[in-house]
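Trainee: I've got a structure to go through and I'm new to this. Could we take it question by question?

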Amino acid sequence: MDIQENVSLAPKTTMQIGGNALYYADLYKPEECEEAIAFAIEKEIPLILLGGGSNTIFEDGTIQALVVRVAADKIEINGNEVKIECGKNLPDLVDELAKKGLDLSVLTGIPGSLGGAIVGNAGQGPKGAWIDSYINKVNVFTEDGWEEMKKSKCHFGYRESVFKHTEKTNIIWSSTLTLPPADPETIKETIKEGLHSRMASQPFTMTAGSCFKALNGVPAWKYIDAAGLKGRQEGGVQVSEKHANFLINKDNGTYRDAVSLVQTIEGFVGEPLDVEMRFIKKNGSTEF
Ligand SMILES: Cc1cc2nc3c(=O)[nH]c(=O)nc-3n(C[C@H](O)[C@H](O)[C@H](O)COP(=O)(O)OP(=O)(O)OC[C@H]3O[C@@H](n4cnc5c(N)ncnc54)[C@H](O)[C@@H]3O)c2cc1C
């Protein structure tokens with residue numbers, strides 16, 4: 001495992017905010033999971049998993065942690081069962097499967113890695129389809145060793161999985177999905193339509209996607225819009241004019257600008273909105 005020091009994290013996140021990782025490593029082989037956990041224990045620092053960084057921002061300064069990313073991204077296709085390593089970029093996966101006549105088009109337009117998609121059960125809104133519909137099992141490394149977890153043990157829900165709540169570090173290495181077969185051209189057309197509708201409704205700039213979860217089935221943007229907060233800016237971070245649940249890095253935004261804007265939204269909306277984005281502080285803990 002190649003451990004680097006003082007690695008800039010902003011370019012590894014889609015919102016492009018944050019300082020440096022004290023230590024950073026890309027993991028290419030399963031045995032590197034064990035090395036990563038041992039390194040963090042030896043240095044007495046947290047180990048933070050990062051995927052595509054499309055739902056995460058880091059505090060400015062030095063993050064006192066080992067930040068690792070599963071970089072392995074092989075795919076093995078066996079009929080309509082597909083085993084995929086978790087560093088796989090999700091949009092690439094959707095496109096590659098389409099060419100093979102396997103339909104994962106409900107995840108069109110969601111950036112990030114397969115690992116991040118599993119942890120957050122990525123997908124459409126509270127009433128739509130999520131990735132767990134296709135998952136059979138996931139292969140995870142923890143301090144206790146390797147475990148092949150059946151879907152039922154993952155406790156998937158709306159933007160939820162067991163992996164968000166475990167005390168021990170879980171490195172999800174790969175997952176096996178079963179996908180519905182379909183005509184490649186039809187899937188490609190669905191992907192094209194999905195991308196068009198996203199382009200019409202979402203900002204295509206430095207953002208980490210939805211900041212808050214839907215509340216009681218009502219999308220968070222409705223509450224934020226009703227509170228008159230579209231376009232509200234604190235420091236360099238703004239509530240997108242196009243989609244009120246997206247915070248955008250408008251002008252050299254900082255972590256503190258984003259935190260302050262979240263607190264403003266919470267204050268104005270007055271409903272118990274849950275933060276979906278991951279805000280990581282310098283000591284490795286999460287802000288919300
Ligand atoms: C423009 C835009 C549109 C979006 N639209 C949607 C949408 O429609 N639906 C939706 O669900 N999300 C959406 N998102 C949010 C985001 O893309 C998803 O949450 C995505 O699944 C996050 O994946 P990631 O790899 O970038 O995760 P990261 O932000 O890197 O990490 C997210 C979580 O996954 C964990 N993690 C990542 N990899 C692993 C691994 N191998 N093992 C263990 N833990 C891991 C991290 O520790 C963290 O807890 C959008 C984001 C953007 C920027």
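Trainee: Which element gives the largest share of the shell around the ligand?

Mentor: Keep in mind that we're looking at a predicted model. α3 (114-119), β10 and β11 (207-210) each supply at least two residues of the shell around the ligand. With four residues, the largest share comes from α3.

Trainee: And which residues come nearest to the ligand?

Mentor: There are 31 residues around the ligand. By class, 13 of the shell are nonpolar, 17 are polar and one is charged. The ones that come nearest are Gly51, Gly112, Gly115, Gly116 and Gly209.

Trainee: Let's turn to the helices. How far apart are the end C-alpha atoms of α1?

Mentor: Start with what you'd expect: α1 covers residues 31-43, which makes 13 residues. At 1.5 Å a residue, they should span 18 Å. The model agrees with that, since the end C-alpha atoms are apart by 19 Å.

Trainee: Where on α1 do the buried residues sit?

Mentor: The buried residues of α1 are Glu32, Cys33, Ala36 and Ala40. Look down the axis of α1 and these buried residues fall within an arc of 110°, so they line one face of the helix. Here's the general idea: an α-helix has 3.6 residues a turn, so residues three or four places apart point the same way. For α1, then, the buried residues sit on one face.

Trainee: What about Glu31 and Glu42, buried or exposed?

Mentor: First, what covers the buried residues of α1 includes strands such as β2 (20-27), β5 (62-70) and β8 (135-142). Glu31 and Glu42 are on the other side of α1, and there they are exposed.

Trainee: Which residue just after α1 takes a positive phi?

Mentor: Step just past the end of α1 and check the backbone there. You'll find a phi of about 55°, and the residue is Glu44.

Trainee: Now α6. What span should its 15 residues have?

Mentor: α6 takes in residues 255-269, and we count 1.5 Å a residue.

Trainee: Over what arc do the buried residues of α6 lie?

Mentor: The buried residues of α6 are Tyr255, Asp257, Ala258, Leu261, Val262 and Ile265. They're on the same side of α6, because around the axis they cover an arc of only 160°.

Trainee: Which elements do those buried residues of α6 pack against?

Mentor: Both strands and a helix turn up here. The buried residues of α6 pack against β4 (56-58), α5 (220-226), β12 (233-234), β13 (237-239) and β14 (246-249).

Trainee: Last one: how far apart do the C-alpha centres of domain 2 and domain 3 lie?

Mentor: The domain assignment gives domain 2 as 75-186 and domain 3 as 203-280. Four residues of domain 2 are in contact with five residues of domain 3. The distance between the C-alpha centres of domain 2 and domain 3 is 26 Å.

Conventions:
Residues are numbered from 1 along each chain as its sequence is written. This is a predicted model: local features need pLDDT of at least 70, side-chain atom pairs count only at pLDDT 80 or more; totals for chains, interfaces and linings use all residues. The expected span of a helix is 1.5 Å times one less than its number of residues. A residue is buried if 20 or more other C-beta atoms lie within 10 Å of its own, exposed if 12 or fewer, and partly exposed in between; C-beta atoms are placed from the backbone. The arc is that of the directions from the helix axis to the C-beta atoms. Two residues are in contact if their C-beta atoms, placed from the backbone, lie within 7 Å. A residue is near a molecule or strand if its C-beta atom, placed from the backbone, lies within 6 Å of it. Ala, Val, Leu, Ile, Met, Phe, Trp, Tyr, Cys and Pro count as nonpolar, Asp, Glu, Lys and Arg as charged, and the others, Gly among them, as polar. Domain bounds come from an automatic or database domain assignment.
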